[in-house]
Amino acid sequence: MKVLNLKTIALGTAMVLTLGFGVNHANAQATATIGSTFTTAAALSAAAGTDLDFGTWAINIAGGDTPTIAQAATLGAPAVGTVASVVDPSTIVTNTVAPATAGTVDVTSPITGAIVQIQGNITSDFSAPNVSLGSLTYTDTVATNVAVPAAYDGATFITINASGVAETVGFGGTLTLGGGGGTPPAATAFSDAVIQFDFSY
């Protein structure tokens with residue numbers, strides 16, 4: 001009887017010890033936390049290239065004419081602009097020195113073949129009352145002499161040919177002369193017009 005009681009007591013004690021250790025083991029926990037990161041790249045970069053040069057012209061405006069000189073967008077040496085809206089025979093608009101540089105901007109993207117929207121605005125026109133810039137156009141390796149919209153229109157794009165390589169975009173525009181009713185001053189350089197081009201995916 002005593003032996004039986006001792007065995008029963010021993011068995012009960014073992015069960016209690018097992019349950020106790022089991023509970024302690026189940027409650028042993030450790031927690032680790034990590035953060036999460038996400039970074040967006042400056043996917044597009046743009047750098048000014050060369051100014052849009054119309055060359056040098058001998059000008060005399062008569063009869064209320066408002067002649068225009070249209071400089072085509074180009075990626076190479078610019079051609080002499082074409083003159084329009086001359087009616088009075090006394091009006092003279094003659095090129096004396098060919099333009100030296102086409103207007104250019106360089107655009108770089110990390111994505112080959114990216115289709116990038118473009119817009120352009122004349123943020124500051126020529127301060128001379130008889131010289132005004134307008135009708136911006138652009139060209140790249142795909143499009144030639146396309147009008148640059150003043151706002152993104154979802155339809156006017158340049159194509160990036162190689163990732164990480166500057167894509168040169170050429171620009172042109174149209175000068176309107178005599179807008180104030182007279183001839184621009186002779187032997188004068190006009191260089192204060194500013195054009196802003198923006199690009200977006």
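# Strands, cores and a pocket

Visitor: Which strand gives the largest share of the lining of the largest pocket?
Guide: The model is predicted, so local features need pLDDT of at least 70 and side-chain atom pairs count only at pLDDT 80 or more, whereas totals for chains, interfaces and linings use all residues. Residues are numbered from 1 along each chain as its sequence is written, and side-chain values use heavy atoms, with hydrogens and water left out. At least two lining residues come from each of the strands (DSSP runs of E, at least two residues, numbered from the N terminus) β1 (45-48), β2 (56-60), β6, β8, β11 and β12. The largest share, five residues, comes from β12.

Visitor: What is the volume of the largest pocket?
Guide: A pocket is an open set of points on a 1 Å grid over the protein atoms alone where a 1.4 Å probe fits, with protein on both sides within 12 Å along at least five of seven lines, and lining residues have an atom within 4 Å of a point. The space filled by probe spheres set on these points is the volume, which for the largest pocket is about 990 Å³.

Visitor: Which lining residues are the closest to the centre of the largest pocket?
Guide: The lining of the largest pocket is made of 39 residues. The ones closest to its centre are L52, D53, F54, F126 and F190.

Visitor: Which residue of β10 stands opposite I115?
Guide: Strand β7, residues 115-124, runs antiparallel to β10, and three bridges join the two. The residue in β10 that stands opposite I115 is T159.

Visitor: Which residues touch the most other members of the largest nonpolar core?
Guide: A nonpolar core is a set of buried Ala, Val, Leu, Ile, Met, Phe, Trp, Tyr and Cys residues joined through side-chain atoms within 4.5 Å, and the largest one has 15 residues. The members that touch the most others are Y138, I158, F171 and F199.

Visitor: Which residues are in contact with I158?
Guide: Contact means heavy atoms within 4.5 Å, and neighbours of I158 within four places in sequence are left aside. What remains is V107, A114, I115, V116, I118, Y138, D140, V169 and F199.

Visitor: Does T137 count as buried or exposed?
Guide: T137 is found in strand β8, where, not counting residues up to four places away in sequence, T137 touches residues including Q71, N145, V148 and F171. Buried means under 20% relative accessible area, exposed over 50% and partly exposed in between, with a 1.4 Å probe and protein chains only. At 17% relative accessibility, T137 therefore counts as buried.

Visitor: What distance separates the C-alpha atoms of S163 and G113?
Guide: S163 lies in the loop between β10 and β11 and, at 35% relative accessibility, counts as partly exposed. Not counting residues up to four places away in sequence, S163 touches S109, P110, I111 and T112. Although S163 and G113 are 50 residues apart along the chain, their C-alpha atoms are separated by 7.8 Å.

Notes:
Two strands pair if DSSP finds at least two bridges between them. Helices (H or I, at least four residues) and strands (E, at least two) are DSSP runs, numbered from the N terminus.
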